[in-house]
Each structure stands twice: as C-alpha cells, then as structure tokens.
Amino acid sequence: MRESIALVSGIFSFCLPFLAAADLEPNLRPELAASQRSYENLIETLGRSHGPLAFELAEQWSALGFLQRESRNYSGAIDSFERALHIERVHKGLYHPDQIPLIERLIESNRALGAWSEVAQNHKLLQFVNDRGRPRISPERIATLRKIALWNLEAADLPTGQAPFRHLQTAQDLTEEALELVESRHQDSALTQIEILNLKAAIAFRIAHHMTTWIGEPIHGVTADSIISTTSNDVSDLIFRQNLVISNYSQGRAALDRAKRIAYEKNDKASQARAELYLGDWHLLFNRRNAAAEHYAKAQRLSQEANVNLFETYRRLPNFIDGDDDRLASAPSGGHVNYVRTRFDIDRQGRVRNVEILEVNPPGKSGLARRARKQLRETRFRPRYDRGKPVKSKGVEIRFLFPQADTAKRAEGAT
C-alpha cells in the first residue's frame, strides 16, 4: 500500500511548461516529432481549459508516452505514463484494472533504462491493482500473477535493491496463489495448470540452487515463524538452508510429476512430450543421467507422434518455462549492462568444455570474466540429440549479462 500511496502523492507535480522543454532525439523522424508536438499542444490546450486533471488528458498523455518511447525518450515516456496513470486513479479509484496497461508501459520504459529498482516498484503496484481490482477467479488475474512471479524469478539476478531470496520467495508465493485459483475454476484449465506447475518447478530449483551457492546473505527473518541467526555460518542458519534445499527439491519434482499426470489425463501428445522432457532436465540437473535418459527417450517418442521437435539443439537448463530460451538469451533493454561473450563446447552429458572468453564489456573488467567462467561451471545444458542419441555441440556462444543498478537521472519532472 505504501508504494501506491507514494505514487499517488508523487505525481501531483503537473508542470505543463515541461512539455515545451522535452528533449527529442536529434535523429527523430520528422513525422514522429510532429506528432509529439501535436499531442503536447493538445495537452496544453486541454489543461488550460479543463484543468490538469481532466479525464480527457489521460488518453493524450498515454499517446504522447507511446511516441516518446518510440523515439527512445524513455524518461519522457515514464513521465507521461505516470501522469496518465494519476488521472486514471483520480477518476476511477486507486485500484481500477484500467490502470494495468499503463503500469505495464511504465515497466517496459523503466526496463529500457535499466532502472531495476523502479521496475520492482512498478511490479508491486501491478500486484496491488491486480489483487484488489480484478475478480478473484479470473483468467486475467491468474495471467498477471504468473507474469509477476516470472519477474521476481528474473529479479533475483538483477540489482533491484532487494535481496534475491526475497524475490524468489515472492515468486513462490504468487505461483502458489495462481495455482490455487486455477484449480478452483470450473472450466477446463489443464494447460494453464501445466504452465504454472512448470513455473513452480523452475522457482523451486532456483531457490535450492541459491541456497547452495549464495554466500553472505543472512536468512534472518525470512518467514514469520523463523528467527534465524544473522550469522550465515551459524549452525541454525545452515540447517535452515539445507531444509530449504531439500523441501524445494521435493516441491519441484512433485510439480513436474503433477504436470505430467495432467498432460496424460488430457491425452495431449505434445504436452506429454514436454512433461517427459522437463523431468529429464530435472534429473540431469541433479546428475542423474540414467533417469534423465529414460525420460528423454519417452519425450523423443512422444514428440515424433506429436510432430514436434524438442531435441534439435542444446538447451541451457533449467528450461521449464515456455519461451525461457528467449528470455535467457536476450539482453535487458537498458544500457546499464555489463556482459561477457563466451565460446565453449558441450559434451554428451551437457557439461561445458573448452571455455574461451571472446569479449568483455567494459574492456579490462577481469572480474566479469571470472564471474562468467563461474556461471559456466555451474550451468548444465541438455545436449543436442541426433538419431536418438546425445551428441557434442562445438563452438557454442553465449553472452552472460551482468546488469548494473541504474545511476542515470530521469528527465526533470519525472517522478
């Protein structure tokens, strides 16, 4: 609630002269610049005749924000979307669902700036509106819960100003809520259930992995009934971490098993193939190669029957979420990103061999190269299959991203 109140109070500073001073990119297309000036003039005219909170202005500010985002003036777009959002809230209430598209545009624009703490706050506001403004059992509410859970899974690796474990715990809670809502619906929701169960497995693996590799983050107070020592080397803290690893391993495996049962009940060959594939991935992540091979063999047979190809190339694991390859491969839009380009081979067991560092950005950051090598050591791949057997992949290139916290100031007038 604090975040929403802060946003409402912060956007009251309407300053129409700001429009005249808005910076446009030097190479901005003439027609785009003309459209922006047209909206700016219309906003100024409406503001003078009807007041700065006139309901008609929400649409104009939103349209201007679209144009500013198109011209890569993300700071200006953020300001415009916030003004439109404030007007919507004044006229329709603090949690009317019509705000959600505007909040999503704010998220996109802040992502483009690499303003990760702002993106985190935007998602909290999105969660607030989704919880209070939508019917409890609705497809839109469930889809948004899944979207926010996905963000928190991603945010565990981003400089949002919040502890990674907090993000992972939030992702887990939201996924449980989404699953409960899906199960309470009367209409057929098997595919949605499978999607959420796969997401649940991905989060469970991430928590288990985080607890075994993260050093220096105390787990003090992570649950209401857990009072753990703030010293990470304390025995109680280590026991708590170990219990989290064990419980999340069980939860993740159970989620994948349940997704498989639903796929078989649905009698959908493609869903069955993916369910077997993901169970194979799960076993491979824990170095259970024989069990992984059995599930992969079933997945290959089912994928042939469904006429889908799931083994044409290698896959970075975990890979339990549809579109996860694209999410892992694509860089965040913001410019505040360090990266390391690497080249390596993948053996038949999915392990990385013969690592080369091709590029470090910014140059001379040797620490980034060490971090990339460490990530590669911890990364497992599903190998490529040829004629039913795993084969080596040579010359694989991956760019590891190391986003930085946003240090750039927003345009004057932005909240």
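In this predicted model, the lining of the second largest pocket draws at least two residues from each of α10 (190–213), β3 (352–361) and α15 (366–378). Among the contributors to this lining, α10 gives the most, with five residues. The volume of the second largest pocket is about 400 Å³, and of the 18 residues that line the pocket, His209, Leu285, Arg377, Glu378 and Thr379 are the closest to its centre. Sorted by class, the lining comprises eight nonpolar, four polar and six charged residues.

Helix α8, which covers residues 139–155, has 17 residues that should span 24 Å at 1.5 Å a residue, and this agrees with its end C-alpha atoms, which are 24 Å apart. Because 13 of the 17 residues of α8 are buried, the helix is largely enclosed by the rest of the structure.

Most residues other than glycine have a negative phi, and most peptide bonds are trans. The peptide bond from leucine 317 to proline 318 is cis, with omega near 0 degrees, and proline 318 is placed in the loop between β1 (315–317) and α14 (324–329). A cis peptide bond, with omega near 5 degrees, also runs from asparagine 361 to proline 362, the latter being found in the loop between β3 and α15.

Asparagine 287, in the loop between α12 (269–285) and α13 (289–305), has a positive phi near 65 degrees and counts as partly exposed, because its relative accessibility is 41%. Arginine 387, in the loop between β5 (384–386) and β6 (389–391), has a positive phi of about 55 degrees; at 81% relative accessibility, arginine 387 counts as exposed.

Key
Residues numbered from 1 in each chain as written. Predicted model: local features only at pLDDT ≥ 70, side-chain atom pairs only at ≥ 80, totals over all residues. Heavy atoms only, no water. 1 Å grid on protein atoms, 1.4 Å probe; cavity = no way out; pocket = protein on both sides within 12 Å on 5 of 7 lines; lining within 4 Å. Points joined across faces, edges and corners; volume = space filled by probe spheres on them. Helix = DSSP H or I, 4+ residues; strand = E, 2+ residues; numbered from the N terminus. Nonpolar A, V, L, I, M, F, W, Y, C, P; charged D, E, K, R; others polar. Expected span 1.5 Å × (residues − 1). Buried < 20%, exposed > 50% of the residue type's maximum accessible area, 1.4 Å probe, protein only.
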